[in-house]
Amino acid sequence: MGQRSRAVGTALFSLGVLAAFQTGALAQAAKVAIDADDIGGVLSGPNGPEGGVWVIAETKDLGVRYIKIVVTDDAGRFVIPDLPKATYNVWARGYGLVDSATVVAQPGKLVDLVSTPAPDAASAAKVYPAIYWYSMLKIPPATEFGGKSDIPDKLTQTGWLNLMKNNGCIGCHQLGQLSTRTIPEAFGKFDSGADAWARRTQSGQAGESMTNLLAGEMGGAAYKYFGEWTDRIAKGELPHSKPERPQGVERNIVVTLRDWMDEKHYVHDLIASDKRNPTVNANGPLYGSPEYSTDNIPILDPVKNVQTSFRLTTAPDTPEALGPGHAAAKEALQPSAYWGDEKIWDTKANNHNSMIDAKGRVWMAATGGPPNNPDFCRKGSELPSAKLFPLDKSVRRVTMLDPKTQKYTSYETCFQTHHLQFGYEANETLWSSGGGPVIGWINTKMLDETGDIQKAQGWTTLVLDTNGNGKRDDAVEPNQPVDPTKDKRIVAPLYAVMPHPTDGSVWGTYRANPGAVVRLAPGANPPETALAEIYNVPAPGFGPRGGDIDKNGVVWVSLASGHLGSFDRRKCTAPLNGPKATGNHCPEGWAFYKYPGPGFEDVGDNSAESSYYTWVDQHNTFGLGDDVPMSTGNLNDGLIAFKDGKMVVLRVPYPLGFYAKGFDGRIDDAKAGWKGRGLWTTNGDRTPWLIEGGKGTKPLTAHFQLRPDPLAH
């Protein structure tokens, strides 16, 4: 056979194989069972079925934009379940591919999608999670710290990482997505990448905070590294590693997204149910916390797919929660590339975080009045807490919305608030972090019975039992050495707060490097009887941020070291009180589990993941089991669960750049299997316009559900 004949024969054979494959794919599609509210089909490409690829259905026909995402099985089959009646754009996105052509479909239809292999590595990398790009950022070597360069003398390498990750830059927004690994053209031309970053980080009302961090705490040295990072990317450098497609249980995840709020404001957090009983508010609305952006809290009805809002009222003399003492400024240092000189944030209530109680009421870390405290908080008051530690000001307090009556109440709490959590005891105590030197609480049972917020509240300083007698005594101050005849007061401001489900203690995270977790035992008559314990994070961990506790009392925390950390007090071998129980006395209580994703080069084995918050699924609301710790995967574009020693990534592949802060679980129908359970979170990035889609996009709620298999419906 001649050369031309062989070529023709090969071509005919290839066409035959392709035709046979296409026929097989159609046959497979026919085997995909769907209901009238599902869209199903097969994703195939030049090399056969495409397994582990996301299939996305999106519509704007409803009251809010609605997106549902599933993953294909080994045979390329998919079922997008339980879709509201609408017309959807359906397409595929996956690693090693570019987005497929879009097919228009309605529920009840089978469709075939054709994948398109990425023509080159640069095209493939466009859909990688942010961590693959951010891990390209160079970290100064250890030899440049300690006064040996332009880095401030007191800053260590771990301190640098702490600020580059969840206790600094990535505590507010994602880095590594397209919008941050490039420099906006609106800024103009610069002599260097460092100059471009100095200008970029002055933009908008967050510019003052970013500049204080980078030019202040980091002495301006970070601009060089950020500039060099984006310069290398602009020249074509690509991530050093590639992600793997979803495997195992990750293919069973269904993600439903709905937008809410508006294009200029962000949603820090949301709440769906009562953590102690996740059947509360079943199928009910979700309540957002807009923090510094606005006083209008978004409310989403996930059944009707309708958004409304409620405006948080404040006293006439309440100042804006902007400027000194806040993370947002009244005015921009420099114009934003997106909003110019426009002032887009204007809150007074400053609702940071909310909790739902057993009655379905929404309690908020917000304020309703000016910062000066009433007399009963101050020196000279007969209030027990004020007699021990008077408080003059509070810039954020506690408020409550009763959805049944639409009554909104502002409470004069003396202590400042940040995060709220309900205790498990009969008083329905609402505990708060954010009080600086104190921890505050409200006895909500007493408040309901008496209406007296003065009597129902209390606060306490943190006192270690360093004399070891088991009770609270006179204490030396934080700047004084331990006196074995006295106790010792410490200042370890709580960030997260987490009541123990059974023993009455309350735990919290202390954001620092290396940081710590703190335990408070209230005793019979707090604040007089409250005793604290502190447990520092040992190497290789450092930098705790958000955390939660399981039903066994194990504390789980997000660490800037790129680990999920756990602390189990039951493993401690040294005395838990006495003169040596000041933080470093129980390293054996700690364990560390590295988050998924690549790490920074030349700083040892690490993950660049910068998780903001860890939440424990105490009641199996998702489906992986009771007491499964889950973290925000802030550079992995989703959430990360830790189950049986393995990390499970719950990724949002569209829009690129999803960044969560708080999240919640809810059981809408315990008898409905996987359909009645799920996790709820929101895109909490302070700059939601940096997500895929750019200016004009709105924040998103995300509902994660776990099917028994990729085709369940």
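At a relative accessibility of 2%, C586 counts as buried, where buried means under 20% relative accessible area, exposed over 50% and partly exposed in between, with a 1.4 Å probe and protein chains only. Its partner in a disulfide is C572, with the two sulfur atoms 2.1 Å apart; a disulfide here is a pair of cysteine sulfur atoms within 2.5 Å. C572 is buried too, with a relative accessible area of 16%.

The model is predicted, so local features need pLDDT of at least 70 and side-chain atom pairs count only at pLDDT 80 or more, while totals for chains, interfaces and linings use all residues. Residues are numbered from 1 along each chain as its sequence is written, and side-chain values use heavy atoms, with hydrogens and water left out.

The structure holds two disulfides. In the other pair, C377 and C414 have sulfur atoms 1.9 Å apart, and the link is left-handed, with -70° about the S-S bond. C377 sits in the loop between β17 (362-364) and α8 (384-388) and C414 in the loop between β19 (407-411) and β20 (420-422), so the bond ties together parts that are 37 residues apart in sequence; helices (H or I, at least four residues) and strands (E, at least two) are DSSP runs numbered from the N terminus. Both C377 and C414 are buried. The link of C572 and C586 is likewise left-handed, with -100° about the S-S bond.

Counting bonded cysteines along the chain, the disulfides follow the pattern 1-2, 3-4. C169 is in no disulfide, and the nearest cysteine sulfur, that of C172, is 8.6 Å away. C169 is buried at 12% relative accessible area, whereas C172 is partly exposed at 21%.
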